[in-house]
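User: I would like to learn how to read a model like this one. Please take me through the features one by one.

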Amino acid sequence: MVWSKRLLTPTSLLVCSSACWFLLSAIVGIWASYEPATALRRFSLLVFALAMMLGIAWIGQRKPKTTLAAVGLVSSLLSAGISLAFLSGIVDNSGMAASALMVLTPLAAAAAIWHYRSGNAPWLISNGLCLLVTLVGLLFSGERTAWLGLLMGSGFAAWVAWRSATKNESLRTLSDVALILGFGLILLVSSAIIISSAYDPYMYTLPFGEVLFERIPLWRASLGLVGEFLFSGGGLCKTALI
């Protein structure tokens with residue numbers, strides 16, 4: 001009875017339904033892939049990551065402090081290790097390193113904040129050093145997409161924290177509308193830039209324009225795959241098709 005009540009909460013239903021849709025889309029990705037063996041390996045990693053995420057969330061409901069400390073410790077050590085491996089040349093793929101650091105950095109930062117509030121100086125110092133090494137590696141990776149993703153994720157997290165703490169319902173509603181309109185505007189402008197090349201002369205005149213928009217030709221080339229794989233997508237190995 002207790003389990004049924006927990007599973008029927010809005011949050012649990014949202015998480016479970018999102019996970020099911022994600023797995024279904026990944027299975028379709030295997031079917032549509034031109035390299036099923038490689039796609040299956042990637043699918044296995046996705047399932048493992050999803051299982052870890054759900055498992056951490058499940059354990060965190062029962063032992064939040066222990067879970068936060070463990071996740072923060074592992075994230076800090078892992079992110080620092082990846083950063084050092086990239087800075088020393090052991091890992092030469094900057095995109096792969098930056099993608100991992102982009103995900104691990106907020107977890108390591110959350111652990112540092114928690115240790116600071118708990119007054120745990122030794123753990124705070126060690127966690128802070130790992131976080132510093134992580135940020136250095138992320139900076140030297142030169143991956144602007146990872147920087148932008150981390151910035152937007154941090155901004156959204158700050159907005160969620162502000163919204164949860166604000167009691168003024170009018171302000172909360174206004175912020176919701178502003179957020180939806182902002183995302184809509186970004187989507188509209190991005191779609192126009194990708195679909196039409198008429199805006200290219202204006203974009204490349206901006207400071208660092210060539211660097212900021214260097215992936216637009218790749219995105220435009222990928223539009224051809226949409227018509228060929230309209231319902232299934234190109235699969236988990238579709239990048240090589242472009």
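**Reading the model**

Analyst: Of the 242 residues in the protein, 22% are buried. Buried means under 20% relative accessible area, exposed means over 50%, and partly exposed is in between (1.4 Å probe, protein chains only). This is a predicted model: local features need pLDDT of at least 70, side-chain atom pairs count only at pLDDT 80 or more, and totals for chains, interfaces and linings use all residues. Residues are numbered from 1 along each chain as its sequence is written, and side-chain values use heavy atoms, with hydrogens and water left out.

User: How many helices and strands does the protein have?

Analyst: Start with the definition. Helices (H or I, at least four residues) and strands (E, at least two) are DSSP runs, numbered from the N terminus. Here there are 11 helices and 0 strands.

User: Which residues make up the largest nonpolar core?

Analyst: A nonpolar core is a set of buried Ala, Val, Leu, Ile, Met, Phe, Trp, Tyr and Cys residues joined through side-chain atoms within 4.5 Å. The largest one has 5 residues: Ala 98, Leu 101, Leu 138, Ala 146 and Leu 150. Helix H5 (94-118) and helix H7 (144-165) each give two or more residues to this core.

User: What does Leu 138 contact, leaving aside its neighbours within four places in sequence?

Analyst: Contact means heavy atoms within 4.5 Å. With those neighbours set aside, Leu 138 is in contact with Ala 98, Leu 101, Thr 105, Ala 146, Trp 147 and Leu 150. Across the protein, take contacts between residues at least 6 apart in sequence: 60% of them join residues at least 24 apart.

User: Is Ser 75 buried or exposed?

Analyst: Ser 75 sits in helix H4. Its relative accessibility is 5%, so Ser 75 counts as buried. Beyond its neighbours within four places in sequence, Ser 75 is in contact with Leu 104, Leu 107 and Ala 108.

User: Which residues make the nonpolar surface patch?

Analyst: Patches are made of residues with over 30% relative accessible area and no salt bridge; like charges are joined within 9 Å, nonpolar side chains (Val, Leu, Ile, Met, Phe, Trp, Tyr) within 5 Å. Areas come from the Shrake-Rupley method with a 1.4 Å probe; for residues, only the protein chains shown count as cover. The patch here is about 690 Å², made by Leu 84, Leu 87, Leu 132, Val 136, Leu 139, Phe 140 and Trp 147. H6 gives the largest share, 4 residues. Leu 132 counts as exposed because its relative accessibility is 52%. Leu 139 counts as exposed at 53%.

User: How many salt bridges does the structure hold?

Analyst: A salt bridge is a side-chain nitrogen of Lys or Arg within 4 Å of a carboxyl oxygen of Asp or Glu. The structure holds 1. Asp 176 pairs with Arg 163, with the closest N and O atoms 2.7 Å apart. Asp 176 lies in helix H8 (residues 169-195) and Arg 163 in helix H7, so the pair ties together parts that are 13 residues apart in sequence. Asp 176 is partly exposed, at 22% relative accessibility. Arg 163 is partly exposed, with a relative accessible area of 22%.
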